[in-house]
Amino acid sequence: MAKYIGKRMIHLVGIMIALSFLTFLLMYLAPGDPAVKKLNAQGIAVSPEVLEAVRKEMGLDRPFFVQYGDWALKVLRGDLGESYKDGLSVADKLAKALGYTAQLALGSMLISLLISLPLGMLTALKKDSWLDYVIRFFTFFGNSMPNFLISVLLMYFLCVKARLLPVVADRSLKGLLLPAVALSVPMCSRFIRQFRAEILEQLSRSYVSGAVTRGVRSRYILFRNVLHNASISILTIVSLTLGSLFGGSVVVETIFRWPGLGKLAMDSITYRDYPVIQGFVLFTAVVYVMVNLFTDIAYHWIDPRVRED
Amino acid sequence: MDILVDKSPRKGAKTRLTLFLILAGILVVLSVIAPKLAPNDPYEISSANINAAPSAQYPMGTDRLGRCVFSRVLMGARTSIFSAVALVAITFVIGSLLGMASGWYGGIVDTLIMRFADILLAFPQMVLAIAVAGILGGGMFNAMLAMGITGWTIYARLARAQVLALKREAFVDAARLSGCSSLAIMFRTLLPNMLGPMIVNASIQIGSMMVGIAGLSFLGIGINEPQAEWGSMINNSRAYIQLAPWAVLGPAIATIITVMIFNYLGDCVRDVMDVEAGE
Amino acid sequence: MKKLLALMIVLVLALSLAACGKKEEDGTPEPEAKILRIAESFAYASLDAHKDYHGWYTSIYGMTETLFKIGNDLSVQPLLATKAETSEDGLTWTITLDPKAKFSNGKAVTADMVIRNLQRVGEVNDSYHDVSAYVFTKIDDTTFTITTDSVYPTLLTDKLASSAFGIMDLDSGDLDNAPVCTGPFKAKSFEPEGTVEVEKNENYWNGTVKLDGVVFEYMSNDESKLMAMQSGEIDGYSSVTAAAKQIYEADSSRYKLTVIPATRLQFYVLNKNTLSDNVRKAINLTVDCQDIADYLGGTTSPAVGPFGASAPYGQVTKPAVDTAAAEAALQADGYTKNSDGMYEKNGKPLTIKVCYYSARSLDTIATILERQFKAVGIGVELVGTEDADSTYRVTGDYDLALYCMIADKSGDPYYCINALYRKNGDWALAGFANDECEALIDELKGETDINRRAELANQIVQMTIDDNAFGYIGLFNKTTVSAPSVVNIGENSPFDFYAVNADTDK
């Protein structure tokens, strides 16, 4: 296992190099100049001389490879650099935003799992009952609403009409609730459908009818075999989703003014704040590889069939 | 608790499949003949009719520029439905093929494909989308490209996981022992067994893609005004949700109905395949 | 299943840890404390007024004050300084400080400290490096002189009244997080790029502060601001959108709405290199600014020139909308109407490339322009970009370029004229280069007489109108909403960087 993890770590370095280079290239090619963005923040025209001076000061006048190399060398020394926008340390900015995003990701994942695991199982077992139909209807419904619409509707009805929760949420659990719910609506809808499909898939396997024929108790088959075997796919789905949640959600974070990674990334892209974008990309690469590593380890743990790979 | 009941395929699966195929067909036809059905010019603005409530002349009211929401919803059907379906179809085929190859052959093929997928998947989609929109400009095709670049990886990963799990099943060994070629096993034995969950996933993805393209317009990339597209219509009207809810609800309900039809369609496909597998 | 359960338990634990890790400081105010809550669309990571645009916000927060301020009528008024006098040659300014002026820590505002502040802005702010070339001389504790190398009539409005020149006590406090300043409020808690709380400055030198404190909530989403206002969680904000404005108007018992003309300009540049004189004329005769303002729901007012019509330097005229005359101009150029009702010449339809970016309603304007042009038979190709400053503004690849900028940031026309109409200016690649105009701009730069300045400005702007080089669409109004009892939150100032002051009350 140690060797396996070691291999994955080397793999991580490869991904990080490829990604950082690609991002740098993409951002370099995309129109938008950090110096212009910085100077134009309030809609005031800038003279070309000032712009030139600032570009020079920010090192933007250097060739592409020099800029990338300079950045990469710094990263190798453990320095993610400073934000163009405000001169703060990129690492600090990311760490702070990550804290908020982690709360949101875990909160919405928890809500989603609490709802969709039982409902996924129930709809699989009660397949074609009215309950199945009703739940299916709602999952389709939840899955087809754009996130910003869910957020705005939730805010309008729960905060403005019912006055249950504040619009201006503080950073407490209460403030976390609404954005977490907004994020978990589409997530639940997907999960329920996917869990149901996976469990049904397992139920139709020959080992289930075999066990029933042998007289094994249904409950036992369900919990020992079916769920156990289904958990591979469930884990894949959950961990992939969790990985993408850790990239932050721009829409929900903007509407609920939750200062997470999505908002930070979006702002950085708008401002062409290269160091922060780069830091963000590296971070998501790490998260991605970690999530996959975790998933694979969990595979080995749960399903001996893949152990030989 | 009787868990065996669930194995029996849903009755009338084929009837339902036909029903939803017809519904989906109607949607496609509607989107093609939309320009003939639209009661008003979907692009005609009118300062006298801003945010007007639904009426005989404007069945779904008007938006913030006085445009007929109903006509725009009809016109938007083509863009929205076509783009999402095409995108899912392309990414599904590419992703599944690569995922199957990866899972079946393993080794260097697996490494190459999955590492490539890893790099794309590890790429924050937003950075990619904005870079694509920035470099190539906005518009439908580029929005689709931005979504599609990473879209195929989800199918590749799922297909690979399925193949890995199925590879050790007795029936695969049997096929191999009976001298079937790798390709034959992949397409005749593995594919039917894994298609169920994958199609369910693809049907969900049609919705997600439509919603995702709508999300791009929230970020200010993707489809530009004044083109009628449901996602950008919802986004551009959302500020008026308290004043002119119809301008949001029109395209939103159209999106929801469409996504639901495609979801149900995916469901029926699965049911029918269950029936056939059962036979 | 057990393993899944275990996983979920881990999730719960992780979540509660994450939640507990962040202890909330309990900001419960005393029951009688009068705290105003305002939403702001921007938030910066520092309170150092001299850097970047932070000064806008420290000024909004009521923390920093400048030597002079710009009144609601755009006139220069004394604040920390009582007067400024120029020498005979116009190069040396003598500034007299208000002897009462003091920082929130009780220290007096001295000429030494002010000079150090001004010099620091020149050092740390990229937009004001020219200040470094000035010579500052202290006369006594409350008097000093500034000598510039050329005549600079707008020194007060461009520099000393600009919010970047907010005066801070450079010897105490943490300039980034809790600077000591002279304003009616001082920093209480500061969350970088987040909520900023200020409290009453008990030592305020210029009157008694009525409020106990103000909380500035960072909310960039317009719907969130609207809903926070509806639920009563905030007391007001400015830059109200057209949609929100209509909702507030419908309930005047709960909301007080103030709409005043302001200085953010929506305009377009016509490319003289690609469009003939007659086509440009036709375009300007077609664009109906009143119609556009109607669509924008009263958030803008139709513009004649770049400056408000009430300013002495805003006295210009442009021809009324006349689509018949527009068509005549096209026909004079050899264009004829084809079977689709669109103009064409030599079988090539007339299509103009309209470039815009999606901010400040420019995308909506582009949509409306397309219809207005189509109505007279001019085809339009709409090109939307995320960012004008690095695309069409620098490449010149457009026929009609939409843009938005603050035209008047300090009650003087020079800034905008210099930025827009110079031969080597930002938009010069559109082909507007006029020697006569250039000479007038040079004269305006050094002109000290205020009436002559206005006259020059009017002449210059009129030239751009007569040449059909630019089209001025609208000036954004400053729209402020508040609870009915709230007064003095900058609702009557055309500038965004003035908000709370000592008289603000709720």
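**Exercise 1.** Find which residues have the most contacts inside the largest nonpolar core.

*Solution.* Start with the core, which has 327 residues. A nonpolar core is a set of buried Ala, Val, Leu, Ile, Met, Phe, Trp, Tyr and Cys residues joined through C-beta atoms within 7 Å. Buried means 20 or more other C-beta atoms within 10 Å of the residue's own, with C-beta atoms placed from the backbone (exposed: 12 or fewer; partly exposed: in between). Val127(B), Val354(C) and Leu402(C) have the most contacts inside this core. Next, the largest share: helix 8 (residues 173-203) of chain A gives 16 residues. Helices (H or I, at least four residues) and strands (E, at least two) are DSSP runs, numbered from the N terminus.

This is a predicted model: local features need pLDDT of at least 70, side-chain atom pairs count only at pLDDT 80 or more, and totals for chains, interfaces and linings use all residues. Residues are numbered from 1 along each chain as its sequence is written, while chains are lettered from A and ligands numbered from 1 in the order in which they are written.

**Exercise 2.** Trace helix 2 (residues 69-105) of chain B.

*Solution.* Then check burial. Of the 37 residues, 27 are buried, so helix 2 of chain B is largely enclosed by the rest of the structure. Just after the helix, Gly106(B) has a positive phi of about 65 degrees.

**Exercise 3.** State how many residues of strand 22 (residues 470-482) of chain C are buried.

*Solution.* Count them: 13 of 13 are buried.

Key:
The expected span of a helix is 1.5 Å times one less than its number of residues.
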